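Here is a short briefing on a protein chain. Look over the fold first, then the core.

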Amino acid sequence: MSAQELFYLDIPSLAEHYRKRSMSPVEVTQAVLDRIRRLDPLLNAFITVLEEPALAQARQAEQELRRGNDRGLLQGVPVSVKDIFDTAGVRTTAASRIWRDRVPNKSATAVRRLLDAGAVLIGKCNLLEFAYGIVHPDYGQCNNPWNPSRTSGGSSSGSAASVAAGMGWASLGTDTGGSIRLPASYCGIVGLKPTYGRVSRYGVAPLSWSLDHVGSLTRTVEDAAIVLQTIAGHDPLDFTSSRIPVSDYRARLREEVHKITVGVMEQHMDALRPGVAEVVGEAIRELERAGMKIRPVHINSLQGADAALLLVILPEATVVHQEWLRKCPEDYAEMTRQQLEMGALIPSVDYLRAQQYRRRLLKEFVEVFREVDVVVGPTAPWEAPKEDPVVAAGEGSEEAHRTCPFNLTGMPAVSVPCGFGKDGLPIGLQIAGLPMAEAMVLRVAYAYEQRAGWFRQRPPLQEGRSSSGQAL
Amino acid sequence: MVGSVSSDQVAALARVARFNLGGERCSLLAPQLEWLLSEAAKIESLDLSADEPVNVFRPGETITEIEAEGEVAH
């Protein structure tokens, strides 16, 4: 097997190699760390690489597997987390100057669950400052593995780039308006935002309490199901955490799809850059060829979603940051600071009206879901841009226009790669379902992925050299 | 808000929120606030009088409530 094939195996295949002893967690972890050393100067996906701790965890996984102490498919699998998740004894910066030296003494629940499953934590990934849509100059932009002159997208930028570039098998991200699904779309991988309350947010720096979600970035839908299975479930440390039982996501991936009805979000098919509608249209035809019924759906109040997102996120973020904003405003990136200052100016009536709107929006989606099982559309209106647009401005709203309704309603949504646009960069298909219907969403995503096969495409990063010929 | 937002209005709003923003900051924020309030008008135009605001968001439970209250047409 070539090095390229190793780095792009799926998690079940890697786990099988470990159990057959044709590969060892220590060898694989070392190979991934070497790959990070070669590729990350170009991509800037990692803030902290945990070389020694990762090798120690890999040795432990190897010993346990030899002794027959099998913790499941993630045992010995190199993974990373966005540097907004607390990691006990390891610096957690949120890509900010304010937290540049912060070392928490407890890990986030989602991180702890990955480690309890035997995963190997190889590093903490770059992100937009405090997940708020802006690159902090101290950390710099994370570049897209498909074209390093473009952004990998945000705010889970390093998580997406690292997984797309074969620097680990999965990464945890957060999504407040699209921050898992947009970078997944730009980097040609799978980004899953589960239902609000499905995955604990304990130990994750908040951006906007009522909109923040924890989820995963992986290369395949099955890998997403495996990670969700590991991190989902009630957590008494997060008061928004749901007690609804967790499904067997992986087992349900291969269930029949021919009785499924897919609603096409026609309002999300407008104002797309050239090429995106054609690629997404072809993906919808593939769903139909798989036997699913296709019908258009319309959400009457959808036009208020972009505004509602801003009217909630801006003041909630300002409340989170108000002490630092008063004490050390110059430590923020300029546009982060402006967004935080703007949050102080939002009238409370507008905030509350936006919260009323969320209930209305959910009600309208529930009505639509009487006729369909999932809704689909493009994840983003364009391929990866050069830079991430500012959240509280026209282009930022346009970018999150198709993802934010599912933060406002808390519904699960996944972005799966569905082809390439005019600039040769990946495009994502978004699939969303009713709250707690992750199994349905993943089942449709899996059926599409297996038929379309885009997950087999890899970024043109060569060992030691980028696609543009730049030495690594 | 009707008409354009001035930097003096931004300064007044910031003071109410107990933030002391200098004149330069207020000038930067004024056009952004104007744009944002025009966006907010899209929500104001909807009749939301029957919808309670979401405070602690639990979508699974909210759906149960919506259905129990018969708010969804059958």
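Chain A holds 15 helices and 13 strands, counted as DSSP runs (H or I of at least four residues for helices, E of at least two for strands) and numbered from the N terminus. This is a predicted model: local features need pLDDT of at least 70, side-chain atom pairs count only at pLDDT 80 or more, and totals for chains, interfaces and linings use all residues. Residues are numbered from 1 along each chain as its sequence is written, chains are lettered from A, and side-chain values use heavy atoms, without hydrogens and water.

**Overall shape**
- Along the principal axes, the C-alpha atoms fill a box of roughly 60 × 60 × 50 Å.

**Burial and contacts**
- Buried residues make up 68% of the 472 in chain A (under 20% relative accessible area, 1.4 Å probe, protein chains only).
- Of the contacts with a separation of 6 or more, 78% join residues 24 or more positions apart (heavy atoms within 4.5 Å).

**Nonpolar cores**
- The largest nonpolar core has 164 residues; such a core is a set of buried Ala, Val, Leu, Ile, Met, Phe, Trp, Tyr and Cys residues joined through side-chain atoms within 4.5 Å.
- Helix α10 (residues 305–327) of chain A gives the most to this core, with 11 residues.
- Phe85(A), Val375(A) and Ile431(A) have the most contacts inside the core.
- Val375(A) touches residues including Met265(A), Phe365(A), Phe406(A) and Ile431(A), leaving out those up to four places away in sequence.

Notes
Buried < 20%, exposed > 50% of the residue type's maximum accessible area, 1.4 Å probe, protein only.
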